[in-house]
There are 2 protein chains.
Amino acid sequence: MNHRLNIFCLYFFLSIIANAQEMKWWNPQNSTINAIEGQAWQGEHEGFYDRLPTRAKSIVRPEVWARSKFSSGLTIRFKTNSPTIQIRYKVGGRLTLPTMPAVGASGLDLYAVNGDKFYWCRPATTFGDTIIYKYTGLKPTPSYYEEGLEYKLFLPPYNSILSLEIGVYENRTFMPLSSRDELPIIVYGTSITQGGCASRPGMTWTSILQRKLNKPLINLGFSGNGRLEPEVIQLICELDAAIFILDCLPNLTSETVYDDKKLETLIINAVKDIRDKHPQTPIILTDHDGYSSGFKNAISQPRYHRYYNRVNKVMDKAFAKLKRQGIKDIYHLSFDDIDQLQDGKVDGTHPSDLGMMQIATAYEKIIREILK
Amino acid sequence: MNHRLNIFCLYFFLSIIANAQEMKWWNPQNSTINAIEGQAWQGEHEGFYDRLPTRAKSIVRPEVWARSKFSSGLTIRFKTNSPTIQIRYKVGGRLTLPTMPAVGASGLDLYAVNGDKFYWCRPATTFGDTIIYKYTGLKPTPSYYEEGLEYKLFLPPYNSILSLEIGVYENRTFMPLSSRDELPIIVYGTSITQGGCASRPGMTWTSILQRKLNKPLINLGFSGNGRLEPEVIQLICELDAAIFILDCLPNLTSETVYDDKKLETLIINAVKDIRDKHPQTPIILTDHDGYSSGFKNAISQPRYHRYYNRVNKVMDKAFAKLKRQGIKDIYHLSFDDIDQLQDGKVDGTHPSDLGMMQIATAYEKIIREILK
């Protein structure tokens, strides 16, 4: 047996050991620390991965409550030096949507964090009663084995998690990191905020923005039901934030339900309610970013132009009125600021990753200016 | 009954007529003109929507043949003044992929064309044994009713069409437009060229490029099987083109199957074979655009860096050698030119719409320079 063959045999033997490696499992539900970042009202939930407190069940409409059970925007941070990380979890809803495959609606996204840099991790995925995401070949360098690295796991935007466990090699370190103390950005919005139709959880605009700014963010996007409702605003007022974002116009386009006057009142009251409780927290009011079928000179369903144009005009007016009334630290992210692409949407309404990046980039710009 | 009510009744009556409107149906298979644009070897196919001629069945590997039955890059151009367009079709394969929902893998995309401008059309979709895309509310203006408009329909990138019909209101005009005479751009590539994982057929990079340049394009992307094979190159050599694009490196990364020497020979032979038959047609040689998990300093599976880096180095060498040998009108679209984003991929390998736009924009730039 020559030297080369000896080394081959050694590798072969070591790889068998690696494959047979025992895993140790950690369940965030049994954690003594606040392991979920991007979740408000921690400890007050019916379901561990809910986004509204249990008492909201009798306050908000059932449709809002149902969406609050989706784990959009929730992340788990941990540190490990294991070359393999496996996540196994069960979800409560259907795996796919007509416009979102399983990896988008019900999948995970893991990024390794090194300083302010995020590195996407490649999974092998298995979808079934239990969904498995397996990450292998993570940074097999000596320093990795010594110190380990921070990871950030993005949870599904369009499904609810019933249970979840993170596994690493038994002989490696694993340390959950608690939710950062820093005040979060809090976003109240629609399906677009919730994450439809990103290709994977890390590509919703709120996830992209979290990485761009490396800040905690709380996603209160409720598909079809982000409507600036006073009862939701009251709940949001309970929370401290670095910035509040109100991005609800796409769910308020019905002129029969929300005429100009009513819509203006909703916007103004939402801002004043937040301002009453939070005298100095910046508030961003966001325009509707449009529909692919409704851009100027559209040939297909040009009526869509009126839908977003009307609500954006009401926003202009409401914003000017709030400024005139002396409300400070309010900002307007306009349709032109977002500059959505005609081809940035999957179905004309919901952004693809292309449209999500467009939105995240616009938010990054205005937030960096605000926080300067 | 007052005047207002009279008008209401009239509208109601007219809307019933409109809904009950009879449709007339057109099947491209029964057309006397070459109705499919982006298809080479027209009239020589086993299946009407195939991309390789029947005789290729005994020439190329079965895997290539199977992918050639997917309608990627095929488009149908027509003119109509109907406010409703309906397309009903049947497909031969599964509707979805793990990373592509039905609207992406098996869906359609319709754009209205006005001069050099393309306007996306909003469909109502029904997926079943027969898939239905219904477009309503198309430009209901007087000039539309007089002159009609041109439309371009993009067919599914990851499914085969068994039959397809386009319907418009019976009392409206419908005129299929034949494939344009202009020489096409011909692309030989991998799954990324075939269209994985665009959110819809219009967002594959070849579809975006077609619209950017408003030129015919023939997509010979064969998922997992774009390997610069001499038998495919020989078939391609039969065709006249404005530009040939060879974008196969992502399917040639296996060092054991394609070592540096073998890969270099494949590249050089492909170019020389095309150059022999087409002395002056520009040829673009494209680098591998990378993997999300393999960008420099990657933490997850850094070995992916070597995969694309190696083949791109071989490409550099092959390109330099071809230039030294005096082969003219060859161009190199490099990794840096494409400048793919770490977050531009769905699964680390296949671009989302974000990554597709990145690729299309790089091609647009080099092609505009070549055609200047």
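A residue is called buried when its relative accessible area is under 20%, exposed when over 50%, and partly exposed in between (1.4 Å probe, protein chains only). The model described here is predicted, so local features need pLDDT of at least 70 and side-chain atom pairs count only at pLDDT 80 or more, while totals for chains, interfaces and linings use all residues. Residues are numbered from 1 along each chain as its sequence is written, chains are lettered from A in the order in which they are written, and side-chain values use heavy atoms, with hydrogens and water left out.

Over all chains there are 34 aromatic pairs. Rings of Phe, Tyr and Trp (its six-membered ring) pair if their centres lie within 6.5 Å; planes under 30 degrees apart are stacked, over 60 edge-to-face, and the rest tilted. Two pairs are set out below.

| Pair | Centre to centre | Angle between planes | Type |
|---|---|---|---|
| Tyr291(A) and Tyr304(A) | 4.8 Å | 80° | edge-to-face |
| Trp26(B) and Phe174(B) | 5.4 Å | 45° | tilted |

Tyr304(A) is buried, at 13% relative accessibility, and Tyr291(A) is buried as well, at 6%.

Arg122(B) lies over the face of Tyr304(A), 3.8 Å from the ring centre, and the charged end of Arg122(A) sits over the ring of Tyr304(B), at 3.8 Å from its centre. A charge sits over a ring if NZ of Lys or CZ of Arg is within 6 Å of the ring centre and within 35 degrees of the ring normal.
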